[in-house]
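User: I'd like to learn how to read a model like this one. Could you walk me through it?

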Amino acid sequence: KQWNQRRVRGRDFVREFSGGQIQYVLMNLPASATEFLDVFVGLHSVEKVSQCPIKVFCYHFAPVDSPEESTLEAVKEVLGAEPENPFVHLVRKTAPKTWMTCIEFVVPHSVLRGENQTKRTKTE
């Protein structure tokens, strides 16, 4: 499909217009970015998975007492699997009890193929 610069929802863009060519994704809305990670579930056919690893940088708001663990758990909950090579950066404290974090990880092949998923994906 050809993208004609019309307004397109993020999920629709990734699913319809990416053509399996996505390599890096930056999700910079910390209040809601993790909710959109479900777009990667079942995104690729088995043939494309081995050719197209996707590296994600996703911002998140996390409690100050366990920002790394909270961020990782939020990602695992949406993906339905452990992300590959996760690394959580503490970006800055945004409130007395809140950190902004950025987790970088590779989307597991099992997620891209839609295997072993416990969470339903959104279709909107």
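Analyst: Let's go from the overall picture down to single residues. This is a predicted model, where local features need pLDDT of at least 70 and side-chain atom pairs count only at pLDDT 80 or more, while totals for chains, interfaces and linings use all residues. Residues are numbered from 1 along each chain as its sequence is written, and side-chain values use heavy atoms, with hydrogens and water left out.

User: What is the mean pLDDT of the chain?

Analyst: pLDDT is the predictor's confidence in each residue, from 0 to 100. Here the mean is 82, and 77% of the residues reach 70 or more. Element by element, β4 has the highest mean (97) and α2 the lowest (55).

User: Which strands pair with β2?

Analyst: Two strands pair if DSSP finds at least two bridges between them. β1 (residues 24-27) pairs with β2 in the parallel sense over 4 bridges, and tyrosine 24 has lysine 55 as its bridge partner in β2. β4 (residues 98-106) runs antiparallel to β2, joined by 9 bridges; there, tyrosine 59 is partnered with cysteine 102.

User: What does valine 56 touch?

Analyst: Contact means heavy atoms within 4.5 Å. Not counting residues up to four places away in sequence, valine 56 touches Val25, Met27, Leu37, Phe40, Ile103, Glu104, Phe105 and Val107.

User: Which residues touch the most other members of the largest nonpolar core?

Analyst: A nonpolar core is a set of buried Ala, Val, Leu, Ile, Met, Phe, Trp, Tyr and Cys residues joined through side-chain atoms within 4.5 Å. The largest one has 24 residues, and Met27, Leu37, Phe40, Ile54, Val56, Phe105 and Val107 touch the most other members. β1, β2, α3 (67-79), β4 and α4 (109-112) each supply at least two residues of this core. α3 gives the most, with 4 residues.

User: How many disulfides does the structure hold?

Analyst: A disulfide is a pair of cysteine sulfur atoms within 2.5 Å. The structure holds 0. Cysteine 58 is in no disulfide, and its nearest cysteine sulfur is that of cysteine 102, 7.4 Å away. That is too far for a bond. Cysteine 58 is buried at 0% relative accessible area, and cysteine 102 is buried too, at 6%.

User: Where is threonine 34, and is it buried or exposed?

Analyst: Threonine 34 is in the loop between β1 and α2 (46-49). At 10% relative accessibility, threonine 34 counts as buried. Leaving aside neighbours within four places in sequence, threonine 34 contacts Cys58, His60, Ala74, Val75 and Val78.

Terms used. Buried means under 20% relative accessible area, exposed over 50%, partly exposed in between (1.4 Å probe, protein chains only).
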